There are 2 protein chains.
Amino acid sequence: MPVGTVASVKGVPQDVLEELGIEILLGNTYHLYLRPGVEQVRRLGGLHRFMSWPRAILTDSGGFQVFSLSDLRKLTEEGVTFRSHLDGSSHFFSPETAMEAQIGLGADIIMAFDECTEYPAEPERVRESMELTLRWAERSKRYFEEHKNEVPWNNNSNCQLHTGNSEIRNSKLETRHSSEMQALFGIVQGGSDFALRKESAERTVEIGFPGYAIGGLSVGEPRHVTREIVEATIEHLPADQPRYLMGVGTPEDIVEYANLGIDMMDCVLPTRAARHGLLFTSEGRISIKQAQYAGDQNPPDPNCRCKVCSRYSRAYLRHLYAANEILAQTLNTIHNLSFYLDTMRAVRHSISLGRGARFLSEVWSQAKP
Amino acid sequence: MPVGTVASVKGVPQDVLEELGIEILLGNTYHLYLRPGVEQVRRLGGLHRFMSWPRAILTDSGGFQVFSLSDLRKLTEEGVTFRSHLDGSSHFFSPETAMEAQIGLGADIIMAFDECTEYPAEPERVRESMELTLRWAERSKRYFEEHKNEVPWNNNSNCQLHTGNSEIRNSKLETRHSSEMQALFGIVQGGSDFALRKESAERTVEIGFPGYAIGGLSVGEPRHVTREIVEATIEHLPADQPRYLMGVGTPEDIVEYANLGIDMMDCVLPTRAARHGLLFTSEGRISIKQAQYAGDQNPPDPNCRCKVCSRYSRAYLRHLYAANEILAQTLNTIHNLSFYLDTMRAVRHSISLGRGARFLSEVWSQAKP
C-alpha cells in the first residue's frame with residue numbers, strides 16, 4: 001500500500017495511481033484529523049469522494065504519528081493528550097475518538113488504536129504497553145460496533161452531502177453501497193519478546209477482528225529482529241484472514257515477508273526515497289542526483305516498462321533533480337511505485353505457481369547493491 | 001506557448017502536456033545554458049530528445065533573463081557580461097554565443113539576441129537600444145546562416161549521440177529529419193515610441209526573417225500602452241509570416257491580441273499563477289487558497305472538461321494547497337493550461353468562422369471579475 005498521508009500520494013495524480021494498478025492506499029488519520037479535519041472530510045462524503053479515489057483505502061489509527069511526530073503531553077489509561085506538530089494546539093486521542101475519526105473519514109479498512117512500544121524497552125514496560133493495547137483493542141471494537149453505521153457513505157448516517165448541480169463527475173465514486181461496512185483490524189504488539197508477541201496475538205484474536213496487523217516493528221530494531229518477530233507472531237494469526245505488517249519495507253523486505261505469509265504491507269519508502277532521488281531498479285538502487293547520470297541516456301531501469309522508464313532518460317531525471325524541478329518528485333515516485341507493484345505482482349505470480357516467494361527472495365539478495 | 005523554463009513545464013509530465021493538446025513549448029536559453037548546460041543537451045541529441053518532447057519548441061535568446069535575472073556586469077557593442085543568479089559565475093552572451101547556444105539546444109524556432117529596453121526610458125536611450133538590437137539582429141542572422149547545420153539532430157553535425165542499447169524508446173523523437181532546419185525570428189524593439197517601433201519593424205523586416213516578434217513589452221508599462229504599441233507595430237510586420245508577441249498575457253490579453261493579428265504568445269502567467277493557487281475559470285479568477293472553498297464540492301470550473309475539473313473538487317484543491325502538497329501545483333497547472341488552450345481554440349474557431357475574435361473579447365471583458 002502506497003502512503004497517501006494527507007489524501008494525496010505526494011506528487012502523483014489519482015488517474016496515474018489507477019493506471020499503475022494501485023488497488024489500495026493508506027491514509028494517515030493523525031494528519032487528516034489535523035488537516036483538513038475529519039468533520040470536513042465527513043461532510044464531503046468521506047475520503048474516497050474527497051480525494052476522488054474509487055478504490056480501497058486503509059487508515060491507520062493515528063497512534064503511531066501521535067507517538068512519533070507530535071509533542072506527546074500525557075499518556076493515560078483513557079488515551080493520549082498531544083500537541084499538533086503543525087501549530088502546537090492540544091488534542092486528545094483515545095480508542096473511541098480514533099474510531100470516531102476513522103469512521104468519519106470512511107476508509108474501507110480502519111485500525112484499532114494501539115500504543116506503539118518503543119525499541120528498546122524494558123520487559124515490564126513492554127508487557128504493560130501490550131496490556132494497554134489489548135484493553136484499547138476491546139474499547140476500539142466496542143465503539144466501532146456501536147457506531148459503524150455512521151460512515152459518510154452510509155445513507156442512514158446523518159452526514160450532509162453537498163451534492164449540488166455540479167457534483168464531482170466520477171460515477172465510480174457513486175457506486176459505494178450503503179450496505180458496505182468498514183473492516184476494523186486489530187494490532188499485535190509485544191516488542192521483541194516472542195512470548196509476549198504470542199500472547200498479544202492470541203488475545204487479540206480472542207477479541208476477534210476480520211484482519212490482524214503486526215505493529216511495533218520498523219521502529220529502529222535490527223532487521224533480523226524484525227524478521228524473527230514476524231516469524232514468531234504470524235503463526236499465531238489466522239491464515240485465512242488478512243495479516244498486515246505495518247511500516248515495511250524495502251523491495252527485499254516485502255518479498256521476504258510475503259514469503260512468510262504476510263498479505264499486506266505499507267511503507268513511505270518508495271515515495272519518500274523517490275522525492276530524495278533514490279530509485280529502486282532491477283539492477284539495484286540508483287541515486288539519480290549523482291553526476292555520473294548527467295549524460296546517461298539509459299532509462300532509469302532498463303527492465304522496467306513504466307511510463308517513466310518508457311519515456312525519460314537518467315540524464316533527464318538527474319537534470320530535473322539537480323534543477324530542483326518538482327517534476328523530479330513526480331516522475332521518481334511513479335517509477336518507484338511501479339517497481340514496488342511489479343515486485344508484488346511477481347510475488348503473487350510466484351505464489352500462484354505454488355513455489356512460494358522464496359526464489360524471488362534469493363534473486364533479491366543477489367541483486368542487492 | 002506554455003513556458004518550460006529548464007526543460008520542464010513545472011510539475012506537469014510530458015504525456016499530460018501532449019494530452020492537453022499543447023503543440024509548442026517555450027524553453028529559456030539562459031536557464032538551460034546555466035543548467036544542465038548547452039553542451040550537455042547537445043550531446044544528448046537536443047532539447048526534444050533530452051526532455052522527450054516530440055512536438056515543437058521555441059527558445060528565447062537568453063537576453064531577457066540576462067537583463068532581468070542576473071547580476072548584469074557590463075553591456076558593450078560586443079555583448080553582455082553577466083553573473084549567474086545560481087552561483088555568481090561570470091558568463092558572456094553575444095549575438096553569436098546566443099545563436100551558438102540555441103543551435104546547440106536545437107529548438108524549432110530560435111530568437112535573435114536583442115536588448116530588451118526597460119520602461120520607462122529616455123527617447124535617446126530607446127533609440128540607441130533599438131539600434132543596438134538591429135545590429136545584433138544582423139549579427140544573429142549572419143552567425144545562424146553560417147552555423148545552422150550544426151543542430152544536434154542534423155546527421156551532418158559533429159554531435160556525438162550516445163545511443164546505446166537502451167536508447168529512449170520514443171520513436172516519434174527519431175523522426176526529426178536531418179533536412180529540417182531551425183527558424184530564426186527577428187525581434188522588434190523601440191520602447192513606447194510609435195515612430196521607433198515602426199522603424200524597428202521595417203528595418204528588422206529588411207534584414208529578413210521567417211517570423212517576427214514584438215519584444216520589450218510587458219515590462220511594467222500600463223496595459224493601454226502595450227495595446228497601442230502592438231497595434232502600431234503589427235501593421236508593419238508581414239501578415240503572411242508568424243507574428244509573435246513576447247511575454248503576454250492574461251486570457252483576456254491573448255484574445256485581444258489574437259484579434260489584432262498576433263499569431264503566437266508566451267507567458268508564465270498560467271503556470272506561475274497556478275503554483276500560487278490562482279485558477280483561471282470561465283467564471284473569473286479563483287484564489288483556491290481561500291477558506292471559502294474548503295467545503296466547496298464544485299469542480300474548479302463547472303464549464304471546463306479538463307481532467308482536473310472532471311475529477312476533483314475545489315475543496316480538494318484547496319486542501320492540497322493548504323497542506324502544501326505538491327499535487328496542488330500539478331493539478332492547478334493542468335487546469336490553467338487547459339483553460340488557456342481552450343481559450344485559444346475558441347479564438348481559432350472564431351477566426352475560422354470569419355468573425356474575428358472580437359466577440360470573444362467582449363465576452364471576456366464581461367467575465368472579468
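# Exercises on a predicted two-chain model

Between chain B and chain A of this predicted model there are six salt bridges.

**Exercise 1.** Describe the side of chain B that touches chain A.

*Solution.* Start with the elements. In chain B, α1 (14-20), α3 (38-43), α4 (47-51), α12 (314-322) and α13 (326-352) each supply at least two residues of the side that touches chain A. Next, sort that side by class: 26 residues are nonpolar, 17 polar and 11 charged. Then count the residues in contact, which are 54 in chain B and 53 in chain A. Finally, take the area: about 4,400 Å² is buried between the two chains, and carbon and sulfur atoms give 49% of this.

**Exercise 2.** Locate the salt bridge between B:Glu325 and A:Lys10, and decide for each residue whether it is buried or partly exposed.

*Solution.* The closest N and O atoms of B:Glu325 and A:Lys10 are 2.5 Å apart. This pair crosses between chains: B:Glu325 sits in the loop between α12 and α13 of chain B, and A:Lys10 in the segment before α1 (14-20) of chain A. Buried means under 20% relative accessible area. B:Glu325 has 4% relative accessibility, so B:Glu325 counts as buried. A:Lys10 has a relative accessible area of 23% and is therefore partly exposed.

**Exercise 3.** Explain what the salt bridge between B:Glu131 and B:Arg203 ties together.

*Solution.* First, the distance: the side chains of B:Glu131 and B:Arg203 meet at 2.9 Å, N to O. B:Glu131 belongs to helix α7 (residues 123-147) of chain B and B:Arg203 to helix α8 (residues 194-207) of chain B, so the pair joins parts that are 72 residues apart in sequence. Last, the accessibility: B:Glu131 is buried, at 19% relative accessible area, while B:Arg203 is partly exposed, at 29%.

**Exercise 4.** Find which strands stand at the edges of the open sheet in chain A, and state why one side of each is left without a neighbour.

*Solution.* Write down the order of the seven strands, β1-β2-β6-β7-β8-β9-β10, which pair in parallel. The edges are β1 (24-27) and β10 (264-265) of chain A; each has a single partner strand, so one side of each has no neighbour in the sheet. For β1(A), look at the pairing with strand β2 (residues 56-59) of chain A, which is parallel and runs over four bridges. Within it, A:Gly27 stands opposite A:Thr59 in β2(A).

**Exercise 5.** Name the residues of chain A that are linked in a network of salt bridges.

*Solution.* The network links A:Arg223, A:Arg227, A:Glu231, A:Asp253 and A:Glu256. Over all chains, the whole structure holds 50 salt bridges.

Terms used: Residues are numbered from 1 along each chain as its sequence is written. Chains are lettered from A and ligands numbered from 1 in the order in which they are written. This is a predicted model: local features need pLDDT of at least 70, side-chain atom pairs count only at pLDDT 80 or more; totals for chains, interfaces and linings use all residues. Side-chain values use heavy atoms; hydrogens and water are left out. Contact means heavy atoms within 4.5 Å. Buried area is the accessible area (1.4 Å probe) that two parts lose on being put together, summed over both. A salt bridge is a side-chain nitrogen of Lys or Arg within 4 Å of a carboxyl oxygen of Asp or Glu. Ala, Val, Leu, Ile, Met, Phe, Trp, Tyr, Cys and Pro count as nonpolar, Asp, Glu, Lys and Arg as charged, and the others, Gly among them, as polar. Two strands pair if DSSP finds at least two bridges between them. Buried means under 20% relative accessible area, exposed over 50%, partly exposed in between (1.4 Å probe, protein chains only).
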